[in-house]
Amino acid sequence: MKIKGFLKDVTGAKRVTAARLDAFAKASSHIEKVDPIAEVVKEWHPGRLEVVVTDVRPASKTAVTVRFERTDGKKMPFFYAGQYLVLDLKIGDAVVSRPYSISSAPCEGRQEPGFAEITVRRSKGDGFVADFINERVRPGDVFTAQVGCGQFYYEPLRDAKHVVALAGGVGITPFAAMAKEVAHGTLDMDLTILYGSVSSDDIVMKEELDAIQSDRVRIVHVLSGDEPGWEGEKGFLTADLIKKYSADDTTYFICGPQAMYTFLREELKKLDIPARRVRFEVFGQAKDITKFPGYPVELKDETFKMTVRRGIHEDVIDAKATESIVTALERAAIRIDTGCRSGECGFCRTKVISGSVYVCPENDGRRAADKDFGYVHACAAYPTSDLTIKIPIE
Amino acid sequence: MKFYKDHYDVIVIGGALAGLSAALMLADKGKDVLVLERHNLPGGLATSFVRGGVEIEATLHEMMSIGEKENRLKVGKFFDDMGVNVDWLPVPEAYHASLPGVEVTLHPGFERFAKEVDETVPGTYQKVLDLLKLCHTVYDSVNELSIHPMSKAKMLMKHEAFVKTAGYSAKEVIDTFELPQKAVDLLAPYWIYVGNPLTTLPFTIYAVLMADYIGYGSKVPKKLSHEMSLKMAERAEEMGVQIEYRQQVEKILVKDGKAYGVRTARGDEIYADYVISSAYPNKVYSSMIEPASEVPEAAVKAVNGRKISLTAFTVFLLLDKPAEELGIKDFNVFHGETMDTDKIFENYLGTGPYNYLTAICLNYANPGCTPEGTCILSITALPRPDGWKQVKAEDYDRVKHETAKATIDTMSEYYGVNLLDHALEVIIETPMTVSHYTGMWNGCVYGYMHCMDDHIVARLQTAEAEGALKHLEFSGAHSISGNGMGPAVTNGRKAAKNVLDSMAAEEATK
């Protein structure tokens with residue numbers, strides 16, 4: 001065979017070798033230290049940040065809004081309205097993390113000083129972290145937080161221009177962020193928020209929300225309780241009510257308590273809405289895992305021994321059948337990275353080496369191959385025997 | 001608390017395909033290996049993500065070098081040898097070429113492929129077949145020589161075609177076949193899998209690509225590329241490899257020109273005889289070597305003498321109807337406004353709109369990969385980092401959406417359906433996404449350009465000129481075999497072999 005001539009052909013390898021050495025010889029001895037693409041990533045996803053509380057104010061009779069700024073004086077990272085932050089706290093002996101929807105707007109994070117706010121309602125006995133935030137957090141307190149997680153946000157290429165948000169209780173928070181961002185002119189959609197509360201006293205962030213109503217942001221309060229003098233919408237967020245505020249092409253965003261999800265799934269079915277137009281915020285950690293199908297109720301009072309491997313180190317801790325693996329680790333002050341606590345984000349991906357677990361079916365967001373090899377998302381997995389797990393070293 | 005042993009034989013930075021392949025091979029030879037991976041799962045880009053309850057393939061288009069159970073190719077054989085049993089599904093076609101004035105679907109198998117080209121460009125059958133056969137001859141030589149190096153004289157005798165084409169670009173060799181341009185265009189689409197225009201792409205690389213893909217077809221793992229990555233990681237652990245996730249290595253510890261350990265972002269200092277780095281040399285020499293005074297000047301010059309190759313821009317569309325109902329007929333469409341690879345390469349300098357797109361509908365190879373009644377379409381361009389390096393954080397979201405919109409519009413027009421009217425999910429992956437999850441320099445997925453002054457033959461012969469420190473090996477798209485998931489495995493094996501050879505040599509001098 002011949003390409004350009006025998007001699008030229010057989011010396012080709014020699015030629016390319018010389019070319020490479022020549023390129024090295026001619027190159028600069030100065031190494032470029034900055035990767036501009038990584039720099040953009042740092043501004044969007046800087047990882048865990050140290051933040052300080054700069055304001056705590058009531059958001060209703062039973063809720064507070066807490067404002068955070070970065071301790072390094074920088075602006076907040078970019079994020080999308082509707083996303084959450086993960087706050088790490090040390091409460092007693094436990095080291096815990098919780099996701100909270102950011103109730104301030106992304107544009108407020110980019111001011112000087114930039115901030116992010118969460119709005120947390122006091123629990124009715126089942127959320128010691130919510131109570132801690134309501135009762136104990138004060139300006140000057142320092143935490144770590146990961147700002148801007150989750151998939152619950154407006155995607156202009158996917159969603160309709162007209163958005164109807166269906167909010168229940170403190171589920172208003174992601175929509176408060178969206179409303180403020182629309183009002184600021186940095187989020188291009190028309191937003192109608194149907195906000196269900198029992199009584200007007202229960203409405204979270206009422207003044208703040210009412211103040212930003214405009215031709216693009218409409219807030220409709222819907223009270224389910226009897227309230228003398230109330231002239232607004234009454235009852236639940238029914239199909240009829242939803243229809244009344246919908247445009248021809250509407251995307252529905254839903255955030256609220258678990259019971260509301262069950263109710264709304266049925267109501268939305270009546271409206272024959274295409275699946276791509278309905279977006280639920282994640283379900284949240286199951287309130288009572290024993291109520292889920294297939295849960296081995298006979299084990300509910302058991303406490304198991306859980307061996308926790310990190311690298312070559314092992315600890316043995318208690319793990320209750322009714323508490324997720326994440327909760328057991330947090331009680332024992334063993335750090336694990338968590339995000340959504342709904343089995344979706346996978347931050348708490350954990351290998352179950354031996355023993356068995358129950359995975360909450362509403363919150364099983366695992367990859368198929370992970371299931372085959374005993375990986376679980378620890379926030380959605382509950383021990384059903386003594387077990388050994390392996391988690392990343394934090 | 002003590003999380004690590006006092007000492008390892010080898011620390012591997014990065015638990016993606018190259019790092020895991022190195023770990024597997026070293027463990028197979030009884031070495032004590034630690035893999036440190038920054039993410040919380042293995043695989044690097046060979047991974048998946050879950051959105052809207054559906055697991056979506058993140059990057060793999062089609063895996064080369066696997067072959068059939070009874071006739072394994074290089075990578076498939078390595079997996080078999082290591083006990084990594086991936087459930088492979090065949091990809092039904094080579095590609096559909098959608099170029100100005102041409103719409104044709106081509107299939108693997110040299111005769112079939114040549115026949116299909118001939119149906120579009122009559123009279124080319126024999127020439128195309130001859131070209132493919134030449135590719136195969138070169139491919140065989142590359143595979144043999146990578147295992148059994150030999151003298152130049154012997155090489156010329158036994159591997160004449162390989163030797164005689166080594167000094168030429170793909171274009172120079174293809175031109176000798178005197179094919180009509182239209183036929184050349186049909187032989188060019190895979191250029192994107194190696195990322196250099198035919199005018200500067202070594203024919204050797206082109207030959208390997210065509211022989212492997214067209215000769216044997218490609219595969220995808222049934223449970224997406226996470227299946228492959230996870231099975232490699234699980235098998236490595238079974239063989240005694242310690243893998244720790246969420247551990248970012250910040251420093252490679254060096255003394256007297258020799259690597260002896262690493263320090264992680266958490267502050268763990270871990271010691272080993274050898275370090276294998278999947279981090280790019282750019283990153284290693286600019287910020288990871290401790291002390292910085294140990295960075296060899298030759299290494300910096302070698303980094304600067306090479307050219308960073310392509311990054312990736314992909315739009316994933318989870319669609320609410322089966323592919324056939326949306327007019328999506330092929331597994332893989334290469335859709336080009338042009339097939340002039342120089343023009344495409346030029347266009348890829350920017351942030352879009354891009355003039356050459358690859359659309360993959362995985363359902364055609366893997367029907368169960370999305371729920372009944374839906375399908376997944378990923379549309380990819382592989383830009384050079386240059387344009388994206390100019391994008392500021394505050395403009396990033398706007399730029400990525402503009403490019404995504406243009407990308408979707410182009411393919412909507414091609415399929416004759418507004419894809420956005422059917423989108424259950426729209427996910428946009430950019431060079432920044434790559435950088436975020438893998439830390440790769442400039443978000444680059446292709447390592448250094450396969451070009452005439454960084455030719456694979458020269459890479460093999462001048463590895464020492466890269467000036468690497470002793471006991472430090474590189475393995476990833478930035479090492480010898482370059483980009484792609486098949487080559488990633490080969491790169492990992494090569495790094496492991498270098499370590500094993502060095503260990504043996506040092507043992508012998510003791």
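Start with chain A, which has eleven helices and 19 strands. Helices (H or I, at least four residues) and strands (E, at least two) are DSSP runs, numbered from the N terminus. This is a predicted model, in which local features need pLDDT of at least 70, side-chain atom pairs count only at pLDDT 80 or more, and totals for chains, interfaces and linings use all residues. Residues are numbered from 1 along each chain as its sequence is written, and chains are lettered from A and ligands numbered from 1 in the order in which they are written.

**Confidence**

Colour chain B by pLDDT, the predictor's confidence in each residue, from 0 to 100. The mean for chain B is 97, and 100% of its residues reach 70 or more. For the complex, the predictor gives an ipTM of 0.96 and a pTM of 0.97.

**Chain A as a whole**

Show the C-alpha trace of chain A: along the principal axes, its C-alpha atoms fill a box of roughly 100 × 55 × 50 Å. Of the 394 residues in chain A, 44% are buried. A residue is buried if 20 or more other C-beta atoms lie within 10 Å of its own, exposed if 12 or fewer, and partly exposed in between, with C-beta atoms placed from the backbone. Among the contacts in chain A with a separation of 6 or more, 71% join residues 24 or more positions apart. Two residues are in contact if their C-beta atoms, placed from the backbone, lie within 7 Å.

**Domains of chain A**

Select 42–149 for domain 1, 162–280 for domain 2 and 289–390 for domain 3; such bounds come from an automatic or database domain assignment. The centres of domain 1 and domain 2 of chain A, taken over C-alpha atoms, are 23 Å apart. Their contact takes 15 residues from domain 1 and 18 residues from domain 2 of chain A. On the domain 1 side, β1 (49–60), α4 (106–109) and β5 (116–121) of chain A each supply at least two residues. That side divides into seven nonpolar, six polar and two charged residues. Here Ala, Val, Leu, Ile, Met, Phe, Trp, Tyr, Cys and Pro count as nonpolar, Asp, Glu, Lys and Arg as charged, and the others, Gly among them, as polar.

**A sheet in chain A**

Next, find the open sheet of five strands in chain A, ordered β14-β13-β19-β15-β17 with mixed pairing. Strands β14 (313–320) and β17 (375–377) of chain A stand at the edges with a single partner strand each, so one side of each has no neighbour in the sheet. From one strand to the next, the twist averages 35°; axes are lines fitted to C-alpha atoms, for helices over the stretch in contact, and angles run from 0 to 180 degrees between N-to-C directions. Zoom in on β13 (residues 303–310) of chain A, which pairs with β14(A) in the antiparallel sense over eight bridges. Two strands pair if DSSP finds at least two bridges between them. R309(A) stands opposite E314(A) in β14(A).

**Where the chains meet**

Now show both chains: 55 residues of chain A are in contact with 75 residues of chain B. On the chain A side, the elements giving two or more residues are α1 (6–10), α2 (12–26), α3 (36–44) and α11 (368–372) of chain A. Which of them gives the most? It is α2(A), with eleven residues. The chain A side divides into 29 nonpolar, ten polar and 16 charged residues.

Stay here and select helix α12 (residues 297–305) of chain B, where A299(B), V300(B), K301(B), A302(B), V303(B) and G305(B) are buried. Their cover includes α2 of chain A together with α11 (281–288) of chain B.

**Domains of chain B**

Chain B is divided into domain 1 (8–70 + 224–306 + 447–509), domain 2 (109–216) and domain 3 (313–429). Between the centres of domain 1 and domain 3 of chain B, taken over C-alpha atoms, the distance is 30 Å. Six residues from domain 1 and twelve residues from domain 3 of chain B make the contact. Strand β4 (residues 54–57) of chain B gives the largest share of the domain 1 side, three residues.

Select G257(B), in the loop between β12 (249–255) and β13 of chain B, and A259(B), in strand β13 (residues 258–264) of chain B. Which is buried and which is exposed? A259(B) is buried, with 25 other C-beta atoms within 10 Å, whereas G257(B) is exposed, with 12.

Leaving aside neighbours within four places in sequence, the contacts of A259(B) include V275(B), L469(B) and H471(B). With that same exclusion, G257(B) is in contact with E294(B), L469(B) and K470(B). G257(B) and K470(B) are 213 residues apart in sequence, with their C-alpha atoms 6.0 Å apart.
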